[in-house]
2 protein chains.
Amino acid sequence: MSENTRSYAALRPSAVSSLAGELRLACMRISRRVRYESTDSIAPHQFSVMCRLEESPRSPGELAEIERVSAPSMTRTVGGLVERGWVERAPHPTDKRQVVVTLTDDARKALKDTRRKRDAWMAVRVSNLDPEEQAILLRASEILTKVANE
Amino acid sequence: MSENTRSYAALRPSAVSSLAGELRLACMRISRRVRYESTDSIAPHQFSVMCRLEESPRSPGELAEIERVSAPSMTRTVGGLVERGWVERAPHPTDKRQVVVTLTDDARKALKDTRRKRDAWMAVRVSNLDPEEQAILLRASEILTKVANE
DNA sequence: TATTGTTATACTCTATAACTATA
DNA sequence: TATAGTTATAGAGTATAACAATA
């Protein structure tokens with residue numbers, strides 16, 4: 001019998017509940033530690049908006065909806081990003097009411113740098129784990145990603 | 001050969017780096033989803049302080065240091081908790097400069113309720129996973145907790 | 001008349017500096 | 001003189017309401 005065909009018993013409800021609590025806490029602790037250790041200069045809400053713009057330019061309205069903040073808040077956030085030279089506002093090609101917000105090359109560099117720093121903290125911890133623990137986390141990260149995207 | 005004696009190869013540096021990035025992102029996504037889905041009435045900073053006080057009463061200074069915020073910020077946070085009836089300020093038995101902040105019974109109930117709601121989202125997701133995936137997450141939560149507490 | 005974005009204003013959480021009481 | 005906590009004040013980020021420009 002190889003590991004791939006081994007059968008596992010499903011967890012009982014009480015065990016599911018306990019695991020859910022522990023797992024949730026563990027993820028929150030990791031998030032907090034990563035954020036604290038990274039000491040990056042991009043504020044969380046700015047970072048989040050910049051990530052959205054990495055894929056494609058968007059209007060302030062779209063950004064507000066995606067980030068679930070009010071339109072005036074997004075106006076302010078975009079304004080701050082413009083001041084720092086990380087995004088640019090341009091008129092919409094056809095609808096003159098709309099504005100198109102685009103990421104600058106400087107912003108792409110800043111994002112890359114920030115991610116590198118955030119990953120560094122985690123990379124050190126992961127590299128200090130046993131190979132077996134690393135293997136488990138490899139599978140767990142896939143499962144957690146799937147769960148978060150549900 | 002059982003799983004317990006199976007040997008795993010250590011990840012190469014590039015794989016460690018990749019795993020670290022994926023794992024960090026997965027934890028942050030889970031945190032965000034949990035926070036978004038729980039819609040609880042306790043603000044994050046209040047919740048965090050209340051958790052610290054669950055173990056034992058503490059002074060505002062201690063709380064400020066643990067939470068890594070300024071003393072005036074903690075004064076304000078504690079003030080808000082007092083207003084909501086979740087903590088009480090009492091004079092220190094020997095040092096009259098100090099204040100002892102204690103959690104009320106109402107707060108303990110509110111904490112329990114909030115945790116139950118937060119766990120609920122995660123519990124539903126966990127119960128829908130394969131038994132094998134549940135087993136992996138069980139081990140992963142232990143490892144992640146260890147990493148976060150390092 | 002509806003939609004997009006901005007401005008006006010206010011509330012919360014954060015910080016630093018100055019102040020009070022006590023050690 | 002140093003320490004614990006608070007108050008004073010200001011800087012972000014958030015929200016709702018009101019407004020201007022355009023569809």
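Begin at the interface of domain 1 of chain A and domain 2 of chain A, where the rule finds one salt bridge. A salt bridge here is a side-chain nitrogen of Lys or Arg within 4 Å of a carboxyl oxygen of Asp or Glu. Select Arg115(A) and Glu54(A): their side chains meet in a salt bridge, 2.9 Å from N to O. On the side of domain 1 of chain A that touches domain 2 of chain A, you will find three nonpolar, two polar and six charged residues. In this grouping Ala, Val, Leu, Ile, Met, Phe, Trp, Tyr, Cys and Pro count as nonpolar, Asp, Glu, Lys and Arg as charged, and the others, Gly among them, as polar.

A word on the model: it is predicted, so local features need pLDDT of at least 70 and side-chain atom pairs 80 or more, while totals for chains, interfaces and linings use all residues. Residues are numbered from 1 along each chain as its sequence is written, chains are lettered from A and ligands numbered from 1 in the order written, and side-chain values use heavy atoms, without hydrogens and water.

Next, colour the two domains of chain A: domain 1 is 12-41 + 105-150 and domain 2 is 42-103, with bounds from an automatic or database domain assignment. Their centres, taken over C-alpha atoms, are 27 Å apart. In contact (heavy atoms within 4.5 Å) are 11 residues of domain 1 of chain A and 11 residues of domain 2 of chain A. Together these domains bury about 1,100 Å², 56% of it on carbon and sulfur atoms. Now pick Ser41(A), Arg108(A) and Leu111(A), which supply 44% of the area that domain 1 of chain A buries against domain 2 of chain A, more than any other three residues. Buried area is the accessible area (1.4 Å probe) that two parts lose on being put together, summed over both.

Now show both chains. Chain A and chain B each bring 53 residues to the contact, and the area buried between them is about 5,700 Å², with 69% from carbon and sulfur atoms. How many salt bridges does the rule find across the interface of chain A and chain B? There are eight. One to select is Arg24(B) with Asp119(A), whose closest N and O atoms are 2.6 Å apart.

For the last stop, select Phe47(A) and Arg118(A): the charged end of Arg118(A) sits over the ring, 4.5 Å from its centre. The rule asks for NZ of Lys or CZ of Arg within 6 Å of the ring centre and within 35 degrees of the ring normal. In chain B, Arg118(B) lies over the face of Phe47(B), at 4.5 Å from the ring centre.
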